[in-house]
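Here is a short report on one protein model. Keep the sequence and the 3D view at hand while you read.

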Amino acid sequence: DQTAPVARGTNITPYGTTGRQFHAGALDVTDESGIAEVSFAVWNETTGDVKWYRGNSYGGGDYGVLVDISNHGSRTGKYYVLVYATDGLGNQGMTGQASYLIR
């Protein structure tokens, strides 16, 4: 196996009641060698400073991470998310992307 994992989709949903958190998810991440890790690169449009989050496995190939904007200087505006997955043999690739607006 020399191919990177694939995913069925990426989603972002609001989390909590403060409007300062969101959940980023990768759906149905698969690879014939198994999944070793799913990582989420997150940044705000105003700074471009990327913070990396290790995804939590929810079973069934779904992974996700809770993002709190306090980790990004509490900035409002658009947040970008890129999802990368690594298989059991070390093959890595981007499996999805999304954006989310915090007002």
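## Two open sheets

Two strands pair if DSSP finds at least two bridges between them. Strands of a sheet pair through backbone hydrogen bonds, either parallel or antiparallel. This model is predicted.

Start with an open sheet of four strands. Its order is S4-S3-S7-S8, and its pairing is antiparallel. Strand S4 (51-54) and S8 stand at the edges, each with a single partner strand, so one side of each has no neighbour in the sheet. On average, neighbouring strands here are turned by 25° against each other, direction ignored. Look at S3 and S7. These strands run antiparallel, and nine bridges join them. One place to check is Ile35, whose bridge partner in S7 is Asp87.

Another open sheet also has four strands, in the order S1-S2-S6-S5. Here too the pairing is antiparallel. S1 and strand S5 (56-59) take the edges, each with a single partner strand, so one side of each is left without a neighbour in the sheet.

## Strand S2 and its partners

Seven bridges join strand S1 (residues 9-15) to S2, and the two run antiparallel. Asn11 has Gly25 as its bridge partner in S2. S1 and S2 form a hairpin with five residues between the strands. In this hairpin, Gly16 takes a positive phi near 75°.

Now turn to S6. S2 and S6 pair in the antiparallel sense over six bridges. Gln21 has its bridge partner in S6, and that partner is Asp68.

How many of the seven residues of S2 are buried? Six are, so S2 is largely enclosed by the rest of the structure.

## The nonpolar core

The largest nonpolar core has 19 residues. Phe22, Val38, Phe40, Val42 and Val81 have the most contacts inside it. Which strands supply at least two residues each? They are strand S2 (21-27), strand S3 (35-44), strand S6 (62-68), strand S7 (77-87) and strand S8 (92-102). S7 gives the most, with four residues.

Follow Phe22 for a closer look. Leaving out residues up to four places away in sequence, Phe22 touches Ile12, Thr13, Pro14, Tyr15, Val42, Val65, Leu66, Val67, Tyr79, Val81, Tyr100 and Ile102.

## Aromatic pairs

The structure holds four aromatic pairs. One of them is Phe22 with Tyr100. Their ring centres are 5.1 Å apart and their planes stand at 40°, so the pair is tilted. Phe22 lies in strand S2 and Tyr100 in strand S8, so this pair ties together parts that are 78 residues apart in sequence.

Are Phe22 and Tyr100 buried or exposed? Phe22 is buried, and so is Tyr100. Phe22, Tyr79 and Tyr100 form one aromatic cluster.

## Two buried asparagines

Find Asn44 in strand S3. Asn44 has 1% relative accessibility, and buried means under 20%, so Asn44 counts as buried. The side chains of Asn44 and Thr46 are joined by a polar contact of 2.5 Å. Not counting residues up to four places away in sequence, Asn44 touches Arg75, Thr76, Gly77, Lys78 and Tyr79.

Next, find Asn91. Where is the place of Asn91? Asn91 is in the loop between S7 and S8. At 18% relative accessibility, Asn91 counts as buried. Leaving aside its neighbours within four places in sequence, Asn91 is in contact with Asp1, Gln2, Thr3, Ala4, Pro5, Ala85 and Thr86. Asn91 and Ala36 are 55 residues apart in sequence. In space, the distance from C-alpha to C-alpha is 9.6 Å for Asn91 and Ala36.

Notes. Residues are numbered from 1 along each chain as its sequence is written. This is a predicted model: local features need pLDDT of at least 70, side-chain atom pairs count only at pLDDT 80 or more; totals for chains, interfaces and linings use all residues. Side-chain values use heavy atoms; hydrogens and water are left out. A nonpolar core is a set of buried Ala, Val, Leu, Ile, Met, Phe, Trp, Tyr and Cys residues joined through side-chain atoms within 4.5 Å. Buried means under 20% relative accessible area, exposed over 50%, partly exposed in between (1.4 Å probe, protein chains only). Contact means heavy atoms within 4.5 Å. Axes are lines fitted to C-alpha atoms, for helices over the stretch in contact, and angles run from 0 to 180 degrees between N-to-C directions. Rings of Phe, Tyr and Trp (its six-membered ring) pair if their centres lie within 6.5 Å; planes under 30 degrees apart count as stacked, over 60 as edge-to-face and the rest as tilted. A polar contact is a pair of N or O atoms within 3.5 Å; within protein, one must be able to donate a hydrogen and the other to accept it, and residues adjacent in sequence count only if both atoms are side-chain atoms.
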